[in-house]
Amino acid sequence: MKFRTDSAEPDRDDYDLARRLVWERGFAKYDADPEAELERRVNELFTEDEHRRALAYLAASEQDTDRLAAIEAGLGEDTTSDTAWLVGQLRTAWARLDELRDRIDNSGTLIDLHYMAEGINYVRGSRVQNELKDTVR
């Protein structure tokens, strides 16, 4: 893949890059060849480093359930330690985050998603990160 050599907007942070990548992915899906169109858009808009940073930002929001399960397994019968409490809090937080994301994703045109994304630091479409990673390398 051939990326830009110089950044189009050098001051963009990782959040802005991820938002732009997801936004471009949304537009590319209407093309006859979505993968090629997304690659073309990414090549025009991002340097290789910016693309890597955007993908890393999206990947960071994935819930590492395997690691959490390993921590829980290591606790055994201990339900009173701080670690056990933190694991429970993290599970609750992830469940609530999933519910929030589902509600936003399913809200359709009833709300201004851009405004909401700015308000709660949510990247629209980031629930389909694996599909995005498979599409653009």
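The expected span of a helix is 1.5 Å times one less than its number of residues. This rule is used in two of the legends for this predicted model.

Figure 1. Along the sequence the pattern reads α-α-α-α-α-α-α. The chain has 137 residues, and 28% of them are buried. Of the contacts with a separation of 6 or more, 72% are between residues 24 or more positions apart.

**Figure 2. Helix α2 has a span close to the expected one.** This helix has 12 residues, and from its first C-alpha to its last it reaches 16 Å, close to the 16 Å expected at 1.5 Å a residue. Its buried residues are E37, L38, R41, V42, N43 and L45. E35 also lies in helix α2. The relative accessibility of E35 is 44%, so this residue counts as partly exposed. Between the C-alpha atoms of E35 and R25 the separation is 8.9 Å, and the two residues are 10 residues apart along the chain.

**Figure 3. Helix α1 has 15 residues.** From the first C-alpha of α1 to the last is 21 Å, close to the 21 Å expected at 1.5 Å a residue. Which residues of α1 are buried? They are Y15, L17, A18, L21, V22, E24, R25 and A28.

**Figure 4. The largest nonpolar core of the chain has 13 residues.** The residues with the most contacts inside this core are L17, L21, L38, V42, F46, A54 and L58. With five residues, α1 gives the most.

**Figure 5. A54 touches L17, A18 and L21.** Residues up to four places away in sequence are not counted in this list. A54 is also one of the residues with the most contacts inside the largest nonpolar core, and L17 and L21 are others.

**Figure 6. Helices α1 and α3 pack with their axes 8 Å apart.** The angle between the two helices is about 90 degrees. Angles of 65 to 115 degrees count as roughly perpendicular, and α1 and α3 are therefore roughly perpendicular to each other. On the side of α1, the contact is made by D14, Y15, L17, A18, L21 and V22. On the side of α3, the contact is made by E50, H51, R53, A54, L55, Y57 and L58. How many residues of this contact are nonpolar, polar and charged? Nine are nonpolar, one is polar and three are charged.

**Figure 7. D49 lies in helix α3.** Is D49 buried or partly exposed? Its relative accessibility is 37%, so D49 counts as partly exposed. The C-alpha atoms of D49 and R4 are separated by 9.8 Å, while along the chain these residues are 45 residues apart.

Terms used:
Residues numbered from 1 in each chain as written. Predicted model: local features only at pLDDT ≥ 70, side-chain atom pairs only at ≥ 80, totals over all residues. Heavy atoms only, no water. Core = buried A, V, L, I, M, F, W, Y, C linked by side-chain atoms within 4.5 Å. Buried < 20%, exposed > 50% of the residue type's maximum accessible area, 1.4 Å probe, protein only. Helix = DSSP H or I, 4+ residues; strand = E, 2+ residues; numbered from the N terminus. Contact = heavy atoms within 4.5 Å. Axes fitted to C-alpha atoms, helices over the stretch in contact; angles between N-to-C directions. Parallel < 35°, antiparallel > 145°, perpendicular 65-115°, else oblique. Nonpolar A, V, L, I, M, F, W, Y, C, P; charged D, E, K, R; others polar.
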